Each structure stands twice: as structure tokens, then as C-alpha cells.
There are 2 protein chains.
Amino acid sequence: MEQALTELKERLGKLTDLRRTQALLAWDMTVFMPPGGAPTRAAQLGTMEEITHAHVVDDRFGELFVELEPYAASLPHDSDDAALVRVAQRDWNRARRVPAALAVEFAKAAAESYEMWVKAREASDFAAFRPSLERIVDLRRQYIECFAPYDDAYDVLLEDYEPGMRTSEIREVFSVLTPALRALVAEHASEEDDPFMRGPFPIAAQEALSRELVEAFGASWDQFRLDKTVHPFEVALGLGDIRLTSRYAEDDLLSLFTAMHEAGHGIYEWGVSPTLERTPLCEGVSATLHESQSRLWENVVGRSLPFWRWFYPRLQETFPGPLGDVPLDDFHRAANRVRRSFIRVDADETSYGLHIILRFELEQELISGRLSVADLPDAWNTRFEELMGISVPNDALGVLQDAHWSDGGFGYFPTYLLGTVLSVQIWKRMRDVIPDLEEQIERGEFGPLHAWLRENIYALGRKFTPAETIERAVGGPIDPQPYLAYLGEKLETRAPA
Amino acid sequence: MEQALTELKERLGKLTDLRRTQALLAWDMTVFMPPGGAPTRAAQLGTMEEITHAHVVDDRFGELFVELEPYAASLPHDSDDAALVRVAQRDWNRARRVPAALAVEFAKAAAESYEMWVKAREASDFAAFRPSLERIVDLRRQYIECFAPYDDAYDVLLEDYEPGMRTSEIREVFSVLTPALRALVAEHASEEDDPFMRGPFPIAAQEALSRELVEAFGASWDQFRLDKTVHPFEVALGLGDIRLTSRYAEDDLLSLFTAMHEAGHGIYEWGVSPTLERTPLCEGVSATLHESQSRLWENVVGRSLPFWRWFYPRLQETFPGPLGDVPLDDFHRAANRVRRSFIRVDADETSYGLHIILRFELEQELISGRLSVADLPDAWNTRFEELMGISVPNDALGVLQDAHWSDGGFGYFPTYLLGTVLSVQIWKRMRDVIPDLEEQIERGEFGPLHAWLRENIYALGRKFTPAETIERAVGGPIDPQPYLAYLGEKLETRAPA
């Protein structure tokens with residue numbers, strides 16, 4: 001038994017090494033690789049995927065699980081070893097449902113489809129992307145069939161991002177959010193111009209401020225990096241090797257919010273218990289939990305008045321030209337202004353949810369076959385106007401704006417909004433346990449906040465299910481009410497425009 | 001047969017992917033990884049080595065070679081397919097002589113020994129490094145025994161860097177060089193100070209000039225990178241993904257010569273025929289050929305008077321403080337001054353060879369057992385004084401200065417000097433085929449030089465043996481006389497100090 005456990009850990013350690021090596025290939029590709037490296041990098045990623053997949057589905061795991069099940073069952077539910085056997089067995093069973101040929105075909109199709117999407121978006125031409133997307137949807141349906149029987153086809157896709165979550169649960173949460181967010185947008189949307197928000201903000205200074213913020217949130221540069229890329233992301237190559245990426249434009253300050261967002265992902269993965277290092281538990285437990293952290297630090301903290309009471313003087317000192325004469329309240333209002341806008345990633349906190357709800361609905365219909373790929377742009381444009389009240393001028397500002405569908409990431413979008421909702425539940429809990437939380441933030445002190453999150457969420461990694469992790473952190477399931485209350489309060493109490 | 005060839009290429013393609021992935025892990029480790037990534041990176045490198053090794057020695061290759069031998073024999077010697085089967089079979093046979101356990105133990109010991117060496121060198125304390133080096137020497141002897149019978153134990157180690165080269169051949173070349181280089185150093189060594197060579201030279205400007213030089217030699221930034229590291233090196237992650245590294249100090253201009261040196265390695269690997277991409281032939285053929293290119297561009301080109309006639313005005317314009325009033329001849333003399341010095345990597349073109357000869361002699365004695373590790377520092381100090389005429393003050397400036405022994409790289413050192421010798425043979429050949437070569441360089445034109453090297457050396461990759469490659473390039477074997485003539489001429493004709 002002890003020998004089996006050692007072998008299991010050794011095999012899972014190697015799998016972790018392989019996955020992190022793949023992550024380095026991908027990180028380097030978008031951050032530092034010269035363009036001429038593209039063909040060989042594609043081959044390297046393909047070979048590594050094949051090798052990793054073979055290790056993931058190895059029959060030997062099955063024998064080890066048989067041997068280890070009684071031992072795992074004898075341990076407390078929260079023991080590291082019990083969790084390791086439980087989670088690894090679930091991962092293995094799931095991976096083995098998918099034939100290698102389908103996995104490889106999908107990986108290849110996704111890479112090709114992504115390339116097609118990049119070109120189609122540039123040309124704002126959905127027709128050029130349509131055949132690729134049809135192939136991707138078809139391959140996703142084949143994937144879903146590997147998991148038959150199921151209640152809802154979309155559940156199968158969700159399981160990859162949010163294990164245990166059901167489509168029906170999300171529908172319920174979103175059915176509360178949809179009318180409420182529409183009403184808030186209708187009431188508060190503004191077309192007021194904030195010219196001081198267009199800079200100029202020299203990029204080197206933005207980068208320096210981004211580093212100050214990441215550091216203030218608790219990161220340490222001997223274990224973190226922050227680099228430039230086109231589509232920002234975070235990746236952990238080890239508990240002591242966390243890579244954040246961001247992007248910069250001289251005419252806005254989005255980079256600061258991006259840095260806080262990616263820092264949230266990074267300090268989550270950085271905070272996993274060292275006892276789980278080099279195991280499949282050494283990660284954030286789900287996309288929703290991950291997004292709850294990125295959006296907590298970016299929005300709930302990073303767009304709050306206490307936060308800017310602390311950081312705004314620093315910002316004014318750095319950019320005296322555009323901001324020297326702008327009062328804090330004006331800046332804070334501009335950073336929180338509700339706008340009807342076309343692009344999700346630029347959306348404010350309030351209208352953001354409507355962008356997600358649209359995608360969630362369309363994804364379900366595409367996957368079920370109720371909506372054909374050919375009819376997708378029309379459906380997008382009609383629903384978007386219903387939800388947001390403005391009319392989509394072209395595909396680039398509409399159905400082609402996100403990368404997620406091009407590589408088959410159906411099921412991810414709803415976790416953005418679930419994470420946003422959860423971030424406010426967590427915030428509410430923290431205000432109870434840290435009574436002077438806002439005063440701390442006003443002084444630029446994030447230590448106790450970070451420590452609470454680390455102890456109650458980050459350290460757990462993937463030991464528990466997402467639902468168990470949420471229950472432990474906030475004492476109940478995902479609940480949209482605190483989020484709506486938070487938005488309402490923020491929008492009511494801020495100084496009038 | 002055709003099927004076997006396809007399978008062979010597919011397997012070798014995957015092997016190339018794995019090796020390049022390992023190279024990325026290593027490159028990132030020394031260039032961008034935060035220090036906190038060290039433990040997980042070691043694990044990743046270990047796992048990848050194990051997986052790559054298993055692929056390298058796979059039995060299936062043996063079956064494929066049996067099937068393909070008649071086909072390969074039916075092709076002309078210089079066909080790509082014939083070369084692929086021939087070289088892959090030689091690599092496979094060689095790799096299979098070494099038991100996996102020994103290979104893994106050696107990789108682990110080398111990593112640990114390298115760490116010990118870093119600390120020992122910092123403390124200038126050979127005793128702290130001695131046990132590690134003893135283990136490494138012992139493991140290298142076990143490795144050698146895997147290839148018994150052999151003429152000379154050192155031949156086995158050489159084979160990894162310079163396939164086909166015999167220790168006796170190197171001894172012969174070095175026996176000519178030793179007295180000649182000692183005499184040149186005795187005659188020309190100087191203690192003259194060149195204060196203008198100590199700058200200050202701001203680092204950003206050195207980096208910009210380094211990029212100009214790499215570009216002038218023909219590299220294209222959409223397929224190259226140049227980054228900072230502690231111990232500069234070059235690595236090819238694909239024919240279109242060449243990574244150079246360099247280092248900078250404000251009080252010298254060594255970075256420019258390092259950039260030219262690494263550019264030489266880089267454009268060699270960049271120039272391999274695209275028909276050999278993603279095969280084991282897509283590399284420089286040997287360490288000597290590689291060094292011949294780095295040292296050709298760094299020294300034969302980069303320390304020549306024609307080169308500085310072109311580039312010195314640019315240097316003066318960039319660093320007017322230290323260099324504005326220094327005549328070209330004075331600068332060129334300083335950049336070529338012969339000095340008796342302790343550190344190999346800082347040595348001038350003439351005394352450099354003596355540093356190598358010392359190491360070559362000591363390596364053979366360590367491997368044969370005629371010299372014990374315990375007696376190594378004394379042997380170093382005695383021989384060094386005989387060769388260079390100065391007395392070694394401590395281990396950091398003596399036996400501990402190089403990383404090569406710490407990770408078991410015995411057999412590499414002689415290729416530095418062989419490559420230097422060869423670089424002058426190649427240069428001589430090029431002066432014959434490009435009559436106005438020096439005039440071109442004086443105009444900053446490197447295109448025809450680069451094109452000749454690409455066609456006659458770079459494009460071949462590993463298709464032929466090193467000896468065949470040298471024969472094709474210069475019409476005969478390695479010959480020390482052109483190198484000695486070149487040094488003599490350079491030292492005689494330069495303006496007196």
C-alpha cells in the first residue's frame with residue numbers, strides 16, 4: 001500500500017512536470033518567441049500533448065487506485081492523501097472516456113480554428129470563420145457523447161471548468177441576474193465623456209505602477225514575473241514560479257486593472273499549500289474560484305473608493321498632466337462608469353454580466369443544435385440589442401470578439417460571471433471577519449486580506465470540490481443577492497456625475 | 001520501406017521536439033525564471049530527460065534501421081535520407097550502450113555538482129568541491145566503460161562533442177601549438193594599461209550596438225532573440241527560433257565580442273538546410289565546427305582592422321566620453337593586446353590556446369587516473385606557471401574558474417582551440433574565393449561571407465561527419481599552421497604599442 005502511494009505520487013509528480021512544461025511552451029510562445037518559431041512550436045506542443053495524454057490515461061493508474069481505495073477511504077476527508085487519490089481517480093476516469101484520436105483531432109482543429117478566427121476577426125468576416133466553428137462544434141458534440149448518458153449536454157462541457165456544477169444551477173442564478181442587471185444598466189448607463197481617462201499615460205510608468213500594485217497585494221518578485229503579451233493571462237510553472245502577463249496602451253489605464261486581475265489569479269495559485277506541490281491538487285480548484293480571485297482584486301478591491309484613496313495620489317504624481325487637477329471622486333466615478341458597450345473585456349462591472357449571459361445562452365443552443373452556426377451572428381445581434389439596448393455594427397464588435405469559441409472553450413464563459421458573483425460573497429464574509437478591512441485598504445495594507453484568502457481558499461488547492469470550497473469560504477452556495485446589493489450600493493452612493 | 005522511412009522521420013521529429021522542449025526549459029531557467037522556480041524546474045528537467053531518454057533508446061528504432069539499411073545504402077552518400085538513416089543509427093547505437101540508471105545518476109550528480117561548484121568558486125575553496133568532482137570523474141569512468149574496448153579512454157568522451165576525432169590527433173595539433181603560442185606570448189605579452197577600455201560604457205547603448213552587429217551579420221529579429229544571462233550561450237529551438245544570450249558590464253566592451261561570438265553559433269544553426277528541419281541533422285555537426293563559427297565572427301572578423309574601420313566611428317559616436325579622442329589604431333591595438341592572464345574567458349586570441357592546452361592535458365590525466373582529483377589544484381598551478389609564466393594566486397582564478405568539469409563536460413575544452421584553428425583555415429579559404437573580402441568588411445558588408453559559410457558549412461547540418469565537413473570546407477584536415485601564421489602576421493604588423 002505504501003509502495004502504491006509512493007508510485008502514485010511519483011507518477012502524478014511527473015504528470016505535473018509535463019503539464020508545466022507544456023505551460024512553459026505556451027507562455028513562451030505568446031510572450032517571447034520570435035514569430036519564426038511558430039511552426040516548430042506547434043510541433044513541440046503537439047508532441048508534448050501526445051506524450052502527456054499517454055501518461056494521463058496509463059492503465060497502471062487503475063491498478064494503483066484499486067490498491068489505494070481502502071486506504072484513502074480510511075483517512076479523514078480532508079487529508080492530503082485522501083484528496084489526492086480521490087481527485088486523481090476522478091481525473092483519470094474522465095480522461096479515459098475520450099479516445100486519444102478524438103483528443104488529438106480536437107487539439108489540432110482548435111489550433112487551426114484559432115488561426116482562422118484571428119484572420120476573420122481582423123476582417124470582421126464571420127463567413128470566413130464559419131466552417132472552422134462548425135467543425136469545432138461538431139467535435140465538441142463528439143466529446144460530449146463520450147460521457148453519455150448525461151442530463152444536459154452542456155453539463156459535460158461545464159465539468160471541465162467547474163466540476164460538479166450543473167447547467168440548471170447556472171440558469172437559476174442568471175435568471176435572477178438578467179432582469180436586475182438590465183435594470184441597473186438602464187438606470188445608470190451614461191454617455192458622459194471622461195477625457196482625462198485618455199492620458200497620455202506613458203507605458204513605462206504604467207508598467208512600474210503595475211509592479212507596485214502586484215507587490216502591494218503580496219507577491220514577491222523572486223517568485224513572480226510580469227511580462228507583456230497581446231491577450232493577458234497568468235500561469236503557474238511551480239509554487240515559486242508564477243508568471244503574470246499584461247498589456248499597455250498609452251491612452252488608457254486598463255493595464256492597472258489587468259495587473260490586479262492577473263495578480264489575483266497568481267496569488268491564488270501561489271498560495272496553494274506547499275504540501276500539495278507537484279501534485280494535480282496544486283492548482284486553483286475551478287474557473288469560478290479562479291475568476292472570483294481575479295475579479296475580487298481587480299474590481300471589489302481595485303475599483304473601490306478606499307483603494308483609490310490610497311493609490312490615487314501615487315497615480316496623480318505619476319501622471320500630473322492628465323490627472324493633476326482631477327479630484328479623486330471624479331476619477332473614481334470614471335473608473336466605475338456604467339456604459340452600454342460592445343466589447344466584453346472593456347465592459348464595466350455592471351454591464352459585464354449581460355455580456356456573459358448572452359454567451360451562456362448562445363453556447364447552450366449551439367451545443368444542443370437548437371441554433372446553427374450559420375444563424376449565430378443574427379442570434380447574437382438580436383439578443384445583444386435586447387440585453388444591452390444598442391445595435392451591433394459589425395462582427396468584430398459582435399460575435400467575433402472573443403477567442404473562446406475558436407478553440408472550443410464552450411462552458412468557460414459562465415464562470416466569469418459566477419466568479420464575479422462569488423467575489424462579492426467572499427468580500428462580504430471578509431468584512432465580517434476583518435472589521436477594519438476598508439481602513440486597511442485605505443492605508444495600502446493588504447496583508448490580513450491576503451492572509452485570510454490564503455488560509456481559507458488558496459491553500460486548499462484542488463483538495464475539495466468547488467462546491468465544498470465555496471461552502472467552506474462563504475458558508476453556502478453561490479448566491480447572486482450580495483452581488484446585486486453591492487452594485488446597487490456602489491451605484492447609488494457614488495457622487496452624481 | 002517507404003512506410004518505415006515515414007515512421008523513422010516521425011519518431012525522429014518527435015525526438016527533436018522533445019530535445020528542443022528541454023532546451024527551452026534550460027534557456028528559460030537561466031534567462032527569465034524567477035529564482036523561486038528552481039526546485040520545480042529541476043523536477044521538470046529530470047522528468048523530460050527520463051522521457052526523452054526512453055524515446056532515444058526505443059527498440060523500435062533497431063527494427064526500422066534493419067529495414068532501411070538496404071535503401072540507405074542504395075542512395076548517394078550525400079542524400080538527405082541516406083544521411084538521416086546513417087546518423088540516427090549511429091546516435092541510437094551509442095545511446096543504447098549506456099544503461100538508463102547510469103544516465104539518470106550522472107544527470108543528477110552533474111546538477112548537484114554544478115551547485116557545489118558555484119559555491120566553491122565563490123569561496124575560492126577547492127576542498128569544498130573535491131568530493132563532487134571525484135564523484136563526477138568516477139561516473140565518467142563508468143560511462144567510458146560502456147564503450148569498451150577503446151584505444152584511449154579520452155576518445156570515448158571526445159566522441160560526444162567531436163565524433164570521429166581521436167585524442168592522438170589533438171595531441172599532434174597541440175604539440176605544434178604549445179611551443180609556438182608560448183613563444184608568441186613571451187614575445188608580445190604586455191602590461192600596458194588602456195584606460196579608455198574601461199569606459200564608462202552605458203549598458204543600454206552596449207545592448208543596442210550588440211543588436212546592430214548581430215543584424216549586420218545577417219540575423220533577422222523575427223527569427224532571433226538576444227537576452228541577458230550570467231554565462232552567455234546560444235540555443236536553437238527551431239530553424240526560425242534562435243536564441244542568443246549575452247552579458248554586460250559598464251566598465252568593458254566584452255559584450256560586443258560576446259554578441260559576435262553567440263551570433264556565430266546562432267547563424268550556423270539558423271543556416272541548416274530547411275530540408276533537415278525537425279530531424280537530428282538540424283544542428284551544428286560538432287563542437288569544433290560550432291566554435292570555428294563563433295570564433296570566426298568574434299575574432300577573425302570582429303577583432304580585425306577592416307571591421308573596426310567600419311564600426312569604430314559608430315562606437316566613438318556612441319561613447320564619446322571614453323573613446324572620442326582615441327585613434328582607431330590605439331583602440332584596435334587595445335582590443336588585440338596580448339596579456340598573461342588567469343581567466344580563460346577574458347583571454348586574448350593568442351594566449352587563449354595555452355588556457356585550453358592546460359585543461360586538455362589535465363583532463364586526460366584525470367580520466368586515465370594518472371592524476372587524482374586531490375592533486376588537481378597543485379597540478380593546475382604548476383602547469384599554468386610553466387605555460388603562462390605567472391603564478392596562480394587562488395583557486396577561483398585557477399582550477400575553479402570554469403563550469404565545464406563540474407557537470408562532467410570533459411572532452412569539450414579542446415574543441416575551443418580546434419575551432420579557433422579551423423576558423424583561420426576557413427578564413428584563408430574565403431579570402432581566396434572572395435578576393436575583396438576585407439574591403440567588403442570595411443564597408444560593413446557581410447552578405448557574401450555569410451552566404452559562402454551558409455552554402456559550404458551551415459546548410460550541411462549533421463549530414464556528414466565533422467571530418468567530412470571540414471574537408472569539404474577547407475580541402476583538408478585541421479592544420480595549425482594558418483592559425484600561427486595569422487597570429488604572427490597580426491602581431492608583427494600592428495602598430496607598436
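In this tour a residue is called buried when its relative accessible area is under 20%, exposed when it is over 50%, and partly exposed in between, as found with a 1.4 Å probe on protein chains only. The model is predicted, and local features need pLDDT of at least 70, side-chain atom pairs count only at pLDDT 80 or more, while totals for chains, interfaces and linings use all residues. Residues are numbered from 1 along each chain as its sequence is written, chains are lettered from A and ligands numbered from 1 in the order in which they are written, and side-chain values use heavy atoms, with hydrogens and water left out.

**Stop 1: the two chains together**

**Stop 2: where the chains meet**

Next, select the residues of each chain that are in contact with the other, contact meaning heavy atoms within 4.5 Å; there are 37 residues of chain B touching 37 residues of chain A. Since 100% of the interface residues of chain B are also interface residues in chain A, the copies meet through the same surface. The buried area, which is the accessible area (1.4 Å probe) that the two parts lose on being put together, summed over both, is about 2,800 Å², and carbon and sulfur atoms give 61% of that area.

Between chain B and chain A there are 6 salt bridges, each a side-chain nitrogen of Lys or Arg within 4 Å of a carboxyl oxygen of Asp or Glu. To see one of them, select Glu50(A) and Lys14(B), whose closest N and O atoms are 2.9 Å apart. On the chain B side, α1 (2-31), α2 (38-56), β1 (224-228), β2 (234-238) and β3 (241-246) each supply at least two of the residues that touch chain A; here helices (H or I, at least four residues) and strands (E, at least two) are DSSP runs, numbered from the N terminus.

**Stop 3: salt bridges within a chain**

Over all chains the structure holds 82 salt bridges. In chain A, select Glu361(A) and Arg383(A), which form a salt bridge with the closest N and O atoms 3.3 Å apart. Glu361(A) lies in helix α15 (residues 352-368) and Arg383(A) in helix α16 (residues 376-388) of chain A, so this pair ties together parts that are 22 residues apart in sequence. Glu361(A) is partly exposed, at 28% relative accessibility.

Moving to chain B, select Asp160(B) and Arg94(B), whose side chains meet in a salt bridge at 3.0 Å, N to O. Asp160(B) belongs to helix α7 (residues 153-161) and Arg94(B) to helix α4 (residues 80-96), so that distant parts of chain B, 66 residues apart, are linked by the pair. Asp160(B) is partly exposed, with a relative accessible area of 37%.

Asp330(B) is partly exposed at 29% relative accessibility, whereas Arg333(B) is buried at 10%.

**Stop 4: a buried threonine**

Finally, select Thr279(B), in the loop between α10 (254-270) and α11 (287-301) of chain B. Thr279(B) counts as buried, at 13% relative accessibility, and its side chain reaches the backbone oxygen of Leu276(B) at 2.7 Å.

How values were computed. Polar contact = N/O pair within 3.5 Å; in protein donor to acceptor, adjacent residues only side chain to side chain.
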